[in-house]
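Trainee: I would like to learn how to read a protein model. Can we go through one feature at a time?

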Amino acid sequence: MATLAEEIVKDTVSTKDGWEPKEDGEKTYASQLPEPRGYKLLIALPEIEEETEGGIIKSAQSQHEESISTVVGWVMSMGPDAYVNYGRFPNGPYCQVGDWVVFRAFSGTRIKVHGKEFRLINDDTVEAVVEDPRGVERA
């Protein structure tokens with residue numbers, strides 16, 4: 001699961017203005033990603049396994065349904081208004097950039113960039129932070 005996040009950031013640099021390509025000038029996935037506005041979070045989704053643990057190959061439809069209903073992702077960036085309302089978040093932000101988070105299934109705006117799926121979700125959609133996302137799946 002962590003490979004998607006590593007692919008996205010290996011050729012990019014996080015700046016105060018978002019993700020930018022490194023100085024070699026080559027385009028990367030991150031250079032074409034949207035920059036969240038308002039209280040939105042940009043979430044990178046893990047790649048769906050093509051086989052079950054028992055070695056059975058999953059159908060394309062099954063993989064698609066699993067990707068839509070995923071409940072875990074990696075926080076790539078946050079909009080400027082995310083978690084700033086003390087009235088709604090008196091204990092501070094639920095997560096930070098670089099955290100693996102659990103969020104509600106089917107939530108957010110789904111987008112694809114170069115075949116990789118991302119989501120823009122609301123800041124209050126995050127349910128938990130997990131250290132290791134492997135094995136976390138929708139019940």
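This is a predicted model: local features need pLDDT of at least 70, side-chain atom pairs count only at pLDDT 80 or more; totals for chains, interfaces and linings use all residues.

Trainee: Which elements does the protein have, and in what order do they run?

Mentor: Start with the count, then the order. The protein has two helices and eight strands. From the N terminus, the order is α-β-β-β-α-β-β-β-β-β.

Trainee: What share of the residues is buried?

Mentor: Buried means under 20% relative accessible area. Of the 139 residues, 37% count as buried. The exposed surface comes to about 8,500 Å², and carbon and sulfur atoms supply 46% of it.

Trainee: Among contacts between residues at least 6 apart in sequence, what percentage join residues at least 24 apart?

Mentor: For those contacts, the figure is 68%.

Trainee: Which strands pair with strand 3, and in what sense?

Mentor: Read the bridges for each partner. Five bridges join strand 3 to strand 7 (residues 116–122), and the two run antiparallel. Within that pairing, Ile 43 stands opposite Arg 119. Strand 4 also pairs with strand 3 in the antiparallel sense, over four bridges. There, Leu 42 has Ser 77 as its bridge partner.

Trainee: Is Pro 80 buried or exposed?

Mentor: Exposed counts as over 50%. Pro 80 has 58% relative accessibility, so it counts as exposed.

Trainee: Which residues does Pro 80 contact, leaving aside its neighbours within four places in sequence?

Mentor: Pro 80 is in contact with Pro 36, Arg 37 and Gly 38. Pro 80 and Leu 41 are 39 residues apart in sequence, with their C-alpha atoms 9.6 Å apart.

Trainee: Last, the second largest pocket. What is its volume, and how many residues line it?

Mentor: The volume is about 330 Å³. The lining has 15 residues, with Pro 46, Glu 47, Ile 48, Ser 67 and Gly 115 nearest the centre. Helix 2 (60–68), strand 6 (109–113) and strand 7 each give two or more residues to this lining. Helix 2 supplies the largest share, three residues. By class, the lining has four nonpolar, five polar and six charged residues.

Note on methods:
Residues are numbered from 1 along each chain as its sequence is written. Side-chain values use heavy atoms; hydrogens and water are left out. Buried means under 20% relative accessible area, exposed over 50%, partly exposed in between (1.4 Å probe, protein chains only). Contact means heavy atoms within 4.5 Å. Two strands pair if DSSP finds at least two bridges between them. Accessible areas come from the Shrake-Rupley method with a 1.4 Å probe; for residues, only the protein chains shown count as cover. On a 1 Å grid over the protein atoms alone, a cavity is a set of points where a 1.4 Å probe fits but cannot get out, and a pocket is an open set with protein on both sides within 12 Å along at least five of seven lines; lining residues have an atom within 4 Å of a point. Grid points are joined across faces, edges and corners, and a volume is the space filled by probe spheres set on the points. Ala, Val, Leu, Ile, Met, Phe, Trp, Tyr, Cys and Pro count as nonpolar, Asp, Glu, Lys and Arg as charged, and the others, Gly among them, as polar.
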